[in-house]
Amino acid sequence: MDLFHFDWKTVPFRMIAFVIAFSLHEWAHAFVAWKLGDDTAKNEGRLTINPIPHIDPFGLILILFGPFGWAKPVPINPLHFRGNKRLGIVYVSAAGPLINLVLAILFCVIYILVSLFGVMDGMSDKAAFALETTLRFCIIINIGLFVFNLLPVPPLDGYKIVRFLSPRRWDGAFYNFEIYGPWLLLLLIFIPGVSSMIFGVPMGMMLNFVQQIAAGIVSAFI
């Protein structure tokens, strides 16, 4: 399944997968921030897996027409973090992509079990198509969010991880880079050939990794 291929028949299933993926992604940011002592996201109703508080209407609409969309960023105040504030930002930033990786593995396990036990054999063609397509998009979109958000480009999580693991003396250079980050991100997404190279190769590698992990989990219990 190609995340960059658009097909009206898959829109509902793409939407379901995307809502699950971004809701858990943003919840993970809020949860780790809360565990570190920052109540900002919790006080704004973002410590929830309910997708409604996380929805950015424009970002949600975009998923109808292309491979990308986004949710509202979770607000945090690193000054409230216990211990090392910079490491706190790293932990919060890493939580979102990591939950997407966990979700990708979980849905891959479910997909294998559904296939193994012939769950779709007794379903109508439409129901079987809906279940299989939803599961496949749940896998690929979570992998896509994992890969995409770990790019070291502002304002993505990967950039925050790199920045706040780097020496403080580099902060000035990072600050200057942040001015151009969103434009660079757009170029990476929309320039033909670049997007497939940046996303296609690592996504293919991650898909193989997720399938191997999921297969190992299933074989360990069945």
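Visitor: Where is Ile-217 found?
Guide: Ile-217 is found in helix α8, helices being DSSP runs of H or I with at least four residues, numbered from the N terminus. This is a predicted model, in which local features need pLDDT of at least 70 and side-chain atom pairs count only at pLDDT 80 or more, while totals for chains, interfaces and linings use all residues. Residues are numbered from 1 along each chain as its sequence is written, and side-chain values use heavy atoms, with hydrogens and water left out.

Visitor: Which residues make the nonpolar surface patch?
Guide: Leu-116, Phe-117, Val-119, Met-123, Phe-209, Ile-213, Ile-217, Phe-221 and Ile-222 make this patch of about 880 Å², and helix α8 (residues 194-221) supplies the largest share, four residues. Patches take residues with over 30% relative accessible area and no salt bridge, joining nonpolar side chains (Val, Leu, Ile, Met, Phe, Trp, Tyr) within 5 Å and like charges within 9 Å. The accessible areas come from the Shrake-Rupley method with a 1.4 Å probe, and for residues only the protein chains shown count as cover.

Visitor: Changing topic, how many salt bridges are there?
Guide: The count comes to two salt bridges, each defined as a side-chain nitrogen of Lys or Arg within 4 Å of a carboxyl oxygen of Asp or Glu. In one of them, the side chains of Arg-86 and Asp-171 meet at 3.2 Å, N to O. Arg-86 lies in helix α4 (residues 85-116) and Asp-171 in helix α7 (residues 171-190), so the pair ties together parts that are 85 residues apart in sequence.

Visitor: What does Arg-163 form a salt bridge with?
Guide: Arg-163 pairs with Glu-178, their closest N and O atoms being 2.4 Å apart. Arg-163 lies in helix α6 and Glu-178 in helix α7, so this pair ties together parts that are 15 residues apart in sequence. Arg-163 is buried at 14% relative accessibility, whereas Glu-178 is partly exposed at 27%.

Visitor: What else is Arg-163 in contact with?
Guide: Leaving aside neighbours within four places in sequence, the contacts of Arg-163 (heavy atoms within 4.5 Å) are Arg-86, Asp-171, Phe-174 and Glu-178.

Visitor: How many disulfides does the structure hold?
Guide: The structure holds zero disulfides, a disulfide being a pair of cysteine sulfur atoms within 2.5 Å. The sulfur of Cys-108 is 12 Å from the closest cysteine sulfur, in Cys-138, which is too far for a bond.

Conventions:
Helix = DSSP H or I, 4+ residues; strand = E, 2+ residues; numbered from the N terminus. Buried < 20%, exposed > 50% of the residue type's maximum accessible area, 1.4 Å probe, protein only.
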